[in-house]
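Please keep the sequence and the model at hand while reading.

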Amino acid sequence: MALWMEAGSEPKTETEIADLQAIAALKESTALELKENGNELVKKGKKHYQEAIDCYSRAIDQKALNDQDTSVLYSNRAHVNLLLGNFRRAFNDSQHAIKLSPANIKAYYRAAKACLSLNLLSEAKSYCESGIEKDPSNEELKKLAKQIDLKKMEQEHREAQVSKALAEAKELVSAIEDRRLKLGNAMYRELTGLRKPVLDKNGILHWPVLLLYAEVMSSDFIEDFCETDMFSAHLDIISVYHFESCPPLPWDEKNHYSREAIELYYEAGSGICLSKTKILRYLLEGTAAANVESIGEEEKDAADGYPHGNSAGSSKWVKVNEKRTLHDVLKEPNFIIPMIPVFYVVSKRSAFYKDFITGKWTPSV
Amino acid sequence: MATELEELIDFLTAPSPPVKKAAVGIVRGLTGSEDGLHSLSNYANTVLSSLSRLLSDEKEVSEPAAEALVNLSQNAGLAAKMVEMGMIKIAMDLLYKPGSSITRLLVMLLVNLTQLDDGISSLLQIGDDKMQGLYVMKLVRSFCRSSETSDDPFDHVGSILVNISKKEEGRKMLLDPKRGLLKQIIRQFDSSSPLRKKGVSGTIRNCCFEAENQLQNLLLISEFLWPALLLPVAGNKIYSEQDTSKMPLELGSALSIDREPVKDPEIRVQALEAIYLIALQEAGRRALWSVNGPRILQVGYEDEEDPKVMEAYEQIGSLLVHGNETEEPSTNTSK
């Protein structure tokens with residue numbers, strides 16, 4: 001506002017000049033008063049925060065203070081916004097404050113805090129560093145910097161875990177594909193839970209295998225069945241645990257399920273072959289990467305939902321030659337592995353055997 | 001004699017068939033001697049290209065031409081030149097021309113040419129993305145089929161495979177499960193031809209050098225691999241029921257009956273070396289135990305008299321003793 005008269009302009013009367021000066025002073029004191037009010041309200045507690053913000057906002061609107069003081073207003077408002085959890089607004093206010101007064105250390109602190117809460121970790125770090133540059137002895141900023149570093153490390157660690165889980169699962173899918181195995185939907189999830197096949201450091205697959213005693217639908221698990229192992233070896237071990245020990249299987253009173261009498265079968269025939277993507281999703285369940293959105297599904301999966309086997313929809317029982325390795329049996333073209341291989345155990349000596357063989361029995365799903 | 005030799009070489013490309021025939025006969029004779037080879041190698045480029053052109057002529061000319069080239073290719077420098085001028089492609093193209101009468105000779109030529117690194121690369125068709133491995137596939141197929149014919153012209157292919165499996169790219173190609181080459185090759189082990197047996201045995205042994213990185217590609221054909229590796233070193237006795245019950249069918253039934261011993265000690269050594277390479281890996285040892293392999297080696301060792309072979313048995317023995325503690329397949333069962 002010009003306080004002297006230009007040559008040739010309307011002379012302002014002394015009263016007009018005085019009035020204008022009075023208005024300016026009034027605005028200035030109003031702004032300062034509002035600032036004080038705001039500060040008081042903040043001290044009073046949570047219920048008054050919004051009101052405090054209003055005070056600061058009105059103070060800013062007066063447009064009566066210099067840059068340095070206005071910067072303080074913005075930075076105070078940022079502080080309350082932080083307390084209220086309005087991190088985006090706090091960030092904007094802090095930025096404003098810094099622009100108006102680059103020496104406003106508190107503004108840097110609040111900007112960094114806001115960024116930290118918004119998970120903008122690199123920005124948070126850089127605001128912290130700018131603040132420390134201007135005030136090297138500021139302990140609060142240093143503490144905040146350490147906090148940010150810690151969070152960054154945690155984030156990187158998490159990301160590394162996700163990448164690792166994803167890479168491992170992809171390797172597994174690749175190994176399954178190389179062996180031309182067909183995988184279908186998991187069955188008996190209540191029994192198998194989150195069990196998955198595992199690739200060892202020699203590139204050999206180890207499978208958890210579910211054994212179901214069809215006659216009573218009781219179950220057993222072989223936790224680590226290496227694909228190069230023969231069935232006979234594992235059956236030998238199980239029979240030591242169960243059949244030859246006293247007492248035998250609790251429900252097998254007549255001891256039909258002795259080592260020589262048992263036979264193993266798998267269900268062949270119809271079912272849906274899962275696509276690579278679906279298999280990958282199953283393998284990622286329960287891992288760090290379970291919620292990853294895109295897992296490279298760009299290539300069109302040829303086998304997606306591809307039905308396979310008997311068109312009649314009936315399945316049949318195929319006997320397993322126990323002198324074969326797991327891999328040899330799994331790669332049979334008519335075997336659609338329900339994620340975790342399932343084999344049905346029956347005894348030649350039991351009356352149930354005939355029903356099973358003739359297909360009169362079906363597993364209750 | 002120089003000008004006479006030059007004239008002779010010129011005659012190889014003469015338009016008159018009887019002249020060509022006479023010339024190539026003389027050249028073939030020259031290649032049979034050190035001096036002759038030496039003189040001819042001064043004109044290597046001309047001689048080699050003229051001879052290779054004669055390969056597509058009728059039998060009376062192509063046969064001596066092929067023989068000459070086979071002799072010349074025993075010299076490393078000349079072999080290198082041949083590879084450089086694309087002899088591998090020429091040979092492969094001619095090999096599969098219907099009515100070819102020089103099949104065996106061409107195969108022998110390839111054996112000599114694949115003694116060189118460049119020859120191997122050329123046969124593997126490494127640079128060519130689309131055609132890579134086509135030659136090898138064709139040769140393996142011929143190798144497997146020709147055992148049924150009376151004259152077996154492809155029996156030397158085994159030696160080609162031994163050569164290419166000296167190189168990592170060759171091993172990778174043979175082990176690639178998508179191509180299924182090793183599986184086909186191993187089946188030839190049963191052949192009665194000692195040349196075939198040796199070729200198969202040497203190839204498997206070389207491929208086992210990839211056990212560290214590609215163990216699964218070896219173990220997943222164990223149905224065929226173990227018989228080929230263990231039967232030659234299983235000794236002469238008939239195995240007991242107790243022993244064979246722990247083996248897969250193909251091993252167990254073969255060892256329950258009288259069998260022809262493998263006479264060539266080199267084949268026995270190669271089999272043991274291959275087993276050793278597999279047993280260096282944990283999963284390899286596990287697989288060996290699961291087919292009752294160590295028992296077979298124990299029995300076989302008892303019958304062995306050749307010192308080199310005995311040493312190979314002992315090498316595996318100490319590896320198995322000092323290997324991991326848990327050798328038996330472990331199982332956790334839970335309800």
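The points below are grouped by topic.

The structure is a predicted model. Over all its chains, the structure holds 16 aromatic pairs.

**Buried elements**

- Strand E5(A), which covers residues 262-269, has 7 of its 8 residues buried, so the rest of the structure largely encloses this strand.
- In chain B, helix H20(B), residues 282-290, is mostly covered, with 7 of its 9 residues buried.
- The buried residues of H20(B) are Ala283(B), Gly284(B), Arg285(B), Arg286(B), Ala287(B), Leu288(B) and Ser290(B).
- After H20(B) comes Asn292(B), which has a positive phi near 65°.

**Aromatic pairs**

- A pair of aromatic rings is described by how far apart the centres are and by the angle of the planes.
- Among the 16 aromatic pairs of the structure is the one between Tyr213(A) and Tyr257(A), which is edge-to-face, with 6.1 Å from centre to centre and 75° between the planes.
- This pair links distant parts of the chain, as its two residues are 44 residues apart. Tyr213(A) belongs to strand E3(A), residues 205-213, whereas Tyr257(A) lies in the loop between helix H9(A), residues 231-243, and E5(A).
- Tyr213(A) and Tyr257(A) are both buried.
- Phe225(A) and Phe231(A) also form an edge-to-face pair, with their centres 5.1 Å apart and an angle of 70° between the planes.
- Phe225(A) has a relative accessible area of 1% and is therefore buried. Phe231(A) also counts as buried, because its relative accessibility is 1%.
- Ring pairs also link Tyr265(A), Trp317(A), Tyr344(A), Phe352(A), Phe356(A) and Trp361(A) into a cluster.

**Charges over rings**

- In chain A, the charged end of Arg195(A) is placed over the ring of Phe221(A), at 3.7 Å from the ring centre.
- In chain B, Lys197(B) lies over the face of Phe189(B), and the distance to the ring centre is 5.0 Å.

**A helix crossing**

- Two packed helices are described by the angle between their axes and by the distance between those axes.
- The axes of helix H3(A), residues 67-84, and helix H5(A), residues 105-117, come within 10 Å of each other and cross at roughly 30°.
- Angles under 35 degrees count as roughly parallel, and H3(A) and H5(A) are therefore roughly parallel to each other.
- The crossing of H3(A) with H5(A) is left-handed.

**Positive phi values in chain A**

- Most residues other than glycine have a negative phi.
- Asn119(A) is not a glycine, yet its phi is positive, near 65°. Asn119(A) is found in the loop between H5(A) and helix H6(A), residues 121-134.
- With a relative accessibility of 40%, Asn119(A) counts as partly exposed.
- Arg180(A), also a residue other than glycine, has a positive phi near 55°. Arg180(A) is part of the loop between helix H7(A), residues 139-178, and strand E1(A), residues 182-183.
- Is Arg180(A) buried or exposed? Arg180(A) counts as exposed, because its relative accessibility is 58%.

How values were computed: Residues numbered from 1 in each chain as written. Chains lettered and ligands numbered in written order. Predicted model: local features only at pLDDT ≥ 70, side-chain atom pairs only at ≥ 80, totals over all residues. Heavy atoms only, no water. Buried < 20%, exposed > 50% of the residue type's maximum accessible area, 1.4 Å probe, protein only. Helix = DSSP H or I, 4+ residues; strand = E, 2+ residues; numbered from the N terminus. Phe/Tyr/Trp six-rings, centres within 6.5 Å; stacked < 30°, edge-to-face > 60°. Lys NZ or Arg CZ within 6 Å of the ring centre and 35° of its normal. Axes fitted to C-alpha atoms, helices over the stretch in contact; angles between N-to-C directions. Parallel < 35°, antiparallel > 145°, perpendicular 65-115°, else oblique. Left-handed = near helix turned anticlockwise from the far one by under 90°.
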